[in-house]
Amino acid sequence: GDREAALTLVRGLRINRPSESGLVRTEATILAELGKLDAAVELVKKQRSMPRPVAGGSPQSGTIEVPVPSGDEFSDLLFISNLYSQANRPKEAIEAANQAFTIAAGNERKQIAKMSLATAQQVSGDFAAAELTLRDVLKQTPGNPIALNNLGYFLAERGERLEEAIEMIRQALSVDAKNASYLDSLGWAYFKQGKLVEAEKYLKEAARVDLDSAAIQEHLGDLFREKKDLTGARTFWSRALRLASDSVDIARLKKKMGK
């Protein structure tokens, strides 16, 4: 949770490796979490003019996954779209995802761009468009685990077609059984069904895999509130609040805690 210290550290690492994609994206992620989104986007754009070694992508968090390659304009646009989505700026997120789709070389990259677009559409409140986009991906690659998980989670969030949501998320887990996002999605879908025992099993497993997800901790807090264990609920919400960076998420968590 000490983002200022993290920012200082990553900037120190970049002194000798100023154009390394992984470090640039880590710095941009921290800047965005500090509320400096425009500076984060500018940093990623500026990197394009630098010599670029091959490097890994940025750390991902939360329940929605989008695979982001590294090292070219396409991946930069995807990364920028994801930053905008996480900051609840869907208009810019949709624009960046559409730009990525336009320049995408090959079907696989076009599908990745569509998944970023679906996330941005979901953030914008256009749930029908997000579902249509993900179902289009699944028509082309029916077993795509990320699309299966994301669509399942979107349905669970809205409390719609929960049996279908659970089946899709289970298919995703059959491909990647230890994916924290998929485990969280399944636990959340069971929570929406009112099946608290199953929900607790998968949410706790998700938390064991990913200790740093504010979304997972908040879901556990909501679960314990439903179990009438307010002490447990506040413990998890407090952890989520410590990890959260978005102002909307922070305000919601504080309201739950009565702050």
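Why are Trp 188 and Phe 191 separated by about one helical turn? In this predicted model, the two residues are three positions apart in helix H10, which spans residues 180-193, and they are therefore separated by about one helical turn.

A search of the whole structure finds three aromatic pairs. In one of these, the ring centres of Trp 188 and Phe 191 lie 4.7 Å apart and the ring planes meet at 10°, so that the pair is classed as stacked, given that planes under 30 degrees apart meet this criterion. Both partners fall below the 20% relative accessible area that defines a buried residue: Trp 188 is buried with a relative accessible area of 5%, and Phe 191 counts as buried at 15%.

A further stacked pair is formed by Tyr 190 and Tyr 202, with 6.0 Å from centre to centre and 20° between the planes. This pair links distant parts of the chain, since Tyr 190 belongs to helix H10 whereas Tyr 202, twelve residues away, belongs to helix H11, which comprises residues 196-209. Tyr 190 is buried, its relative accessible area being 9%, and Tyr 202 likewise counts as buried, at 14% relative accessibility.

Aromatic rings also take part in contacts with lysine side chains. Lys 110 is placed over the face of Phe 101, at a distance of 4.6 Å from the ring centre, while the charged end of Lys 227 sits over the ring of Phe 224, at 4.5 Å from the centre of that ring.

Methods. Residues are numbered from 1 along each chain as its sequence is written. This is a predicted model: local features need pLDDT of at least 70, side-chain atom pairs count only at pLDDT 80 or more; totals for chains, interfaces and linings use all residues. Side-chain values use heavy atoms; hydrogens and water are left out. Rings of Phe, Tyr and Trp (its six-membered ring) pair if their centres lie within 6.5 Å; planes under 30 degrees apart count as stacked, over 60 as edge-to-face and the rest as tilted. Helices (H or I, at least four residues) and strands (E, at least two) are DSSP runs, numbered from the N terminus. Buried means under 20% relative accessible area, exposed over 50%, partly exposed in between (1.4 Å probe, protein chains only). A charge sits over a ring if NZ of Lys or CZ of Arg is within 6 Å of the ring centre and within 35 degrees of the ring normal.
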